[in-house]
Structure formats: C-alpha cells, structure tokens
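Subject: A structure for you to explore

Hi there,

Here is the structure I promised to pass on to you. Have a look at it first, and then read my notes below.

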Amino acid sequence: MIVTRPKPLEEVLSFLKGFRKILVLGCRGCVAIYHVGGDKEAKALAQKLSQKGFEASSKSVLRQCDPRYLKDLKEELSQFDAVLSLACGVGVVTFAEMFSEIPVYPGVDTLFCGAQVERGVFQEKCRACGNCLLHLTAGLCPVALCPKGLLNGPCGGSSEGRCEVNPNKPCVWEEIIKRLEKQGRLEELLELFPPRDYSLAEGNSPREYVHGKASK
Amino acid sequence: MERPVSKLQRLLEEGKFVFTVELQPPKNASKEEVRKKLSAIKDFADAVNLTDCSTASVSMSSLAASLITLEEGFEPVWQMTCRDRNRIALQAEILGAYALGVRNLLCMTGDHPLVGDHPQAKPVYDLDSVQLLSLVKGLEEGKFFNGKPLKGERPCFFLGAVENPFATPLHFRVLRLKKKALAGARFIQTQGIFNLKKFERFLRLAEEEGILEKVFLIAGIIPPRSFKMLKYMKERVPGMDIPDEWIKRMASARDQREEGIKIAVEIGKALKEMKGVRGLHIMLIGWEEALPEIVKALR
C-alpha cells in the first residue's frame with residue numbers, strides 16, 4: 001500500500017491563493033482505504049475550501065494512477081481554475097501528464113510503501129528497490145528497515161535489539177539473525193552479500209516496466 | 001610471506017605489541033592544528049588513525065589529514081566510511097590515496113547522518129563495510145568493482161576493519177568478524193573496552209572460530225576523562241558496555257582525571273595480558289594530554 005499523509009490546510013491554501021473554482025479530486029485506491037483521499041475526504045475538504053471563500057466541489061475516480069479512469073474528466077475540467085488532487089504522487093503526476101492546461105496541486109504527501117500494523121500506525125516495509133533479496137533475509141527487508149540499508153549487518157551500534165539510529169525501533173538485522181537461527185539457516189549469513197544494483201533502482205530513473213518483457 | 005606494506009603491518013608481523021591512537025581532524029582548514037595534535041601523540045604511537053567525519057559531523061577530510069601525517073614523517077591509518085561516497089568515489093579515492101603514499105586503510109560503514117551535524121544529508125551507503133573490504137581486495141588483485149581489469153599499478157594496503165564486541169547479538173559479532181576477515185581485513189580495531197570479562201569471552205569465541213590466526217586484533221581503550229563523560233557513554237552511546245565498578249570509582253575519585261588515567265592503564269594492562277590481543281587502540285576524544293602517561297605505563 002502507498003502510505004500518504006494529508007498536507008496541512010494552510011499549505012494547501014497557500015497553493016490555491018488566486019484561484020476561485022477548485023476541483024478536489026479524490027482517489028478510491030490506497031488513499032481511500034486509509035481515509036486520506038477518498039470520496040468522503042474529498043468532499044470534506046471541498047466544504048472547508050468553500051468556507052474559505054472558494055467555489056469548490058469534489059469528485060473521486062477509481063484510481064488516479066490509471067489514465068483510463070482520468071480521461072472522462074476532460075470536459076468537466078473546463079469549469080475549474082485548478083485541481084487539488086488527494087491521490088498519492090503517482091496519481092498527481094498521471095493527472096498532470098494527461099491535462100497540461102489546468103494547474104494541479106498535491107493535497108497529500110506521499111510517504112512510502114507500507115503496512116498498517118495497527119489502527120492508524122503505518123510502517124515502511126519495502127523500498128521498491130528492484131532487486132528483491134528477501135529470500136536471503138528471512139523475509140525482512142534490510143534495505144527498507146535498516147537506516148544504513150546494510151546488506152552485511154548488523155552495524156556496531158545495535159544494542160539489545162534496538163537500532164542505533166532510531167533507538168525506539170528494533171534492529172532489523174537482529175531480527176533477521178534471530179529468525180534465520182530459528183530456521184537453522186544462520187550459516188547463510190557468512191556469505192558476503194553482494195552490493196545492490198542501483199541500475200534497477202533510483203540510479204535508473206524514471207523506471208519503466210513493460211509487462212511480459214525483461215526490463216529495467 | 002610478502003613484504004609488509006606499512007610499519008604497522010611490519011610491527012604486528014614481527015610480534016611487537018603496537019599502540020595506535022585515534023585523532024579527529026580539526027573542524028576547520030588548519031594544517032597547523034593537525035600538526036600540533038600530531039606532535040602531541042607522535043612519540044607515543046606506532047600509527048595514528050584519522051577519523052572520517054566521525055559521528056557523521058563535518059571535519060577535515062581523513063585523507064587530507066593522512067597526507068599531513070605522512071608529511072610529518074608519521075604513519076597514518078586512513079579511516080574510510082561508506083556513508084558519503086558511492087563505489088565510484090570510493091575507488092577513485094583509494095587509488096589516489098595509494099598513489100600519495102597511504103598504506104593503512106580502515107574500512108567502516110560509518111555513523112548515520114541522522115546522528116550527526118547535518119541530519120538532512122543524503123545517506124549514501126552504496127556499499128557496507130564488508131563490501132568495501134572486498135572492493136579494496138579486488139583492486140589489489142587487479143580488478144575494479146565492476147569486474148573489469150585494472151591495468152597498470154595496483155594499490156596494496158594493510159587493510160583493517162572495526163568490530164564492537166559489545167553490540168548485540170553477541171554470538172553473531174564473532175561471525176561478522178569472520179566475515180570481515182574473509183572479505184580481506186588483516187587487522188581489527190575494536191570499540192572501547194570497559195567490560196573485560198565480556199571481551200575475553202568474545203576473544204575466546206573468536207579464537208575458536210580461528211579468526212585470531214587470520215587477523216591482528218587491536219583492542220580499543222577510551223580513557224575516561226570525568227565521571228560525567230563515563231556516565232554519558234554508558235547511558236547514551238549505543239553499543240558501549242561500561243560496568244558499574246568503573247562508574248563508582250570515577251564518582252568517588254578525588255581527582256577524576258588522575259583516576260581516569262589509572263582506569264585506562266588498568267584496562268590496558270588487563271587487555272595486554274589476554275591471549276590474542278596484539279596491540280591497543282587509544283581513543284582520546286580530545287584528551288591528548290592523557291596519552292604520554294598511559295602509554296608509558298603500558299609499554
């Protein structure tokens with residue numbers, strides 16, 4: 001799931017200064033599931049904007065990250081001066097690429113690929129690095145969960161299972177070791193983990209994947 | 001056996017008990033300051049470690065400070081971390097450092113920017129310390145990290161790594177040390193040791209794994225300057241293990257500096273007695289004046 005956080009209202013208002021007719025565009029994907037940018041949230045934000053003197057209305061599409069669900073907006077958009085998107089960054093960019101004539105502003109900050117570990121608490125679990133090594137690390141990701149992204153961890157700062165950089169967080173390498181030990185696989189860690197291939201990750205941007213084709 | 005590439009290597013191979021001292025390059029552009037610090041420790045160390053922006057805080061480059069050390073006729077241990085450079089920059093600097101005469105290289109992962117003075121910095125960590133060791137070994141064997149041949153003169157270092165015998169999980173520390181030895185480390189400098197019993201257990205485990213035949217182990221000492229500093233290290237520095245007996249002694253000492261030196265000497269003597277300890281690495285953390293007395297008592 002892509003985890004997002006609403007931008008403060010003051011920040012949003014600072015973007016919209018000078019516009020009058022605003023479309024608050026929600027998305028029924030990830031942002032809707034955790035009540036950040038679905039139908040309800042889009043409607044509530046449009047109401048707030050109306051109270052601040054804007055002519056604001058709201059609408060949601062099934063997924064803003066898919067041009068198929070955006071294309072029908074074309075006609076409607078001519079009635080607005082600007083769009084405030086409550087989708088993640090992927091949605092905002094997909095919208096902007098399709099409709100270059102109308103300004104679009106982000107209403108949320110896109111944080112990470114994560115899981116809701118308890119109600120309202122989201123944690124990053126995957127860095128989308130393009131070279132998954134979870135088969136070596138008992139299913140836990142040091143790329144995402146170790147601040148140094150160590151592949152041959154843990155570093156010299158882990159203490160009683162806590163991370164040196166964020167002492168309130170567990171050291172993922174200690175967890176990996178515990179699990180591999182339980183599974184009788186500790187010896188595997190004596191192998192030198194090769195370095196990551198950044199040509200599969202942020203070193204090669206923008207990344208593109210064509211389904212069914214080997215691609216970077 | 002191949003000829004040693006540095007004095008530090010030669011002394012260790014001859015079986016001499018060595019003293020290395022850690023020096024933090026100044027947080028300014030003064031060559032004079034480096035010289036001054038060096039002259040204070042010169043007669044009491046076989047080699048001096050130049051830290052690479054320790055605690056992720058900016059100071060003069062460890063390579064530059066290593067070169068000043070060489071100019072002063074003294075032997076540097078160039079510390080290099082993975083925090084600020086990708087594999088291109090790492091290799092470029094390693095080749096340059098060798099060309100300029102640096103021969104001891106200590107490979108570390110490096111403190112995270114979040115604990116330093118520029119927490120907004122991008123943490124690089126393209127490689128980790130183990131991978132850095134294998135990168136250097138590769139260059140020495142005539143291949144770049146991408147596998148392509150390095151034509152012409154190859155670098156050749158006395159290669160080191162660090163280990164913290166007190167970080168958890170304890171039993172894995174020994175395996176990680178083995179990993180570093182396999183990756184190319186020839187000497188190991190440890191985190192400051194206060195818990196002698198625990199360290200001895202670590203040593204014996206390392207011996208059982210056959211690691212002490214592969215690497216020279218140089219044990220770390222941090223002379224406690226004051227009760228406050230010792231307490232701070234115990235409570236705040238991750239991976240430090242400081243038994244209460246030292247804290248109590250510092251707390252009740254009439255002269256804390258004198259007591260700090262006494263403690264450092266006691267720890268040093270105990271470490272020197274342990275089988276497998278081939279030298280001491282003294283981290284002064286700015287307390288250069290303490291060095292002569294400590295080393296004189298331990299030599």
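**A helix in chain B**

Let's begin with helix H6 of chain B, which covers residues 170-183: its 14 residues reach 20 Å from the first C-alpha to the last, close to the 20 Å expected at 1.5 Å a residue. Please keep in mind that this is a predicted model.

Is H6(B) mostly covered or mostly open? It is mostly covered, with 11 of its 14 residues buried. Those buried residues run from B:Phe172, B:Arg173, B:Val174, B:Leu175, B:Arg176 and B:Leu177 through B:Lys178, B:Lys179, B:Lys180 and B:Ala181, and they also include B:Ala183.

What covers them? From chain B, the cover includes helix H5 (129-140), strand S5 (158-163), strand S6 (187-192), helix H7 (196-208) and strand S7 (216-221). Chain A takes part too, through its helix H8 (172-182). Just after H6(B) comes B:Gly184, which takes a positive phi of about 135 degrees.

**Domains of chain A**

Chain A is assigned two stretches: domain 1 (2-111) and domain 2 (129-200). Taken over C-alpha atoms, the centres of these domains of chain A are separated by 38 Å.

**Cavities**

How many cavities of 30 Å³ or more does a search of the whole structure find? The search finds two.

The largest cavity has a volume of about 120 Å³. It is lined by 15 residues, and the closest to its centre are A:Cys146, A:Pro147, A:Cys155, A:Cys163 and A:Cys171. By type, its lining divides into 12 nonpolar residues, one polar and two charged.

The second largest cavity holds about 60 Å³ of space. Residues from chain A line it, among them A:Lys148, A:Gly149, A:Leu150, A:Leu151 and A:Tyr198. Chain B contributes to the lining as well, with residues including B:Tyr125, B:Asp126, B:Leu127, B:Asp128 and B:Gln131. Here the lining divides into six nonpolar, two polar and four charged residues.

**A glycine in a loop**

Finally, find B:Gly73 in the loop between helix H3 (62-71) and strand S3 (76-81) of chain B. Why does B:Gly73 count as exposed? Its relative accessibility is 65%, and exposed means over 50%, so B:Gly73 falls in that class.

Enjoy exploring!

Best wishes

How values were computed. Residues numbered from 1 in each chain as written. Chains lettered and ligands numbered in written order. Predicted model: local features only at pLDDT ≥ 70, side-chain atom pairs only at ≥ 80, totals over all residues. Heavy atoms only, no water. Helix = DSSP H or I, 4+ residues; strand = E, 2+ residues; numbered from the N terminus. Expected span 1.5 Å × (residues − 1). Buried < 20%, exposed > 50% of the residue type's maximum accessible area, 1.4 Å probe, protein only. Contact = heavy atoms within 4.5 Å. Domains from an automatic or database assignment. 1 Å grid on protein atoms, 1.4 Å probe; cavity = no way out; pocket = protein on both sides within 12 Å on 5 of 7 lines; lining within 4 Å. Points joined across faces, edges and corners; volume = space filled by probe spheres on them. Nonpolar A, V, L, I, M, F, W, Y, C, P; charged D, E, K, R; others polar.
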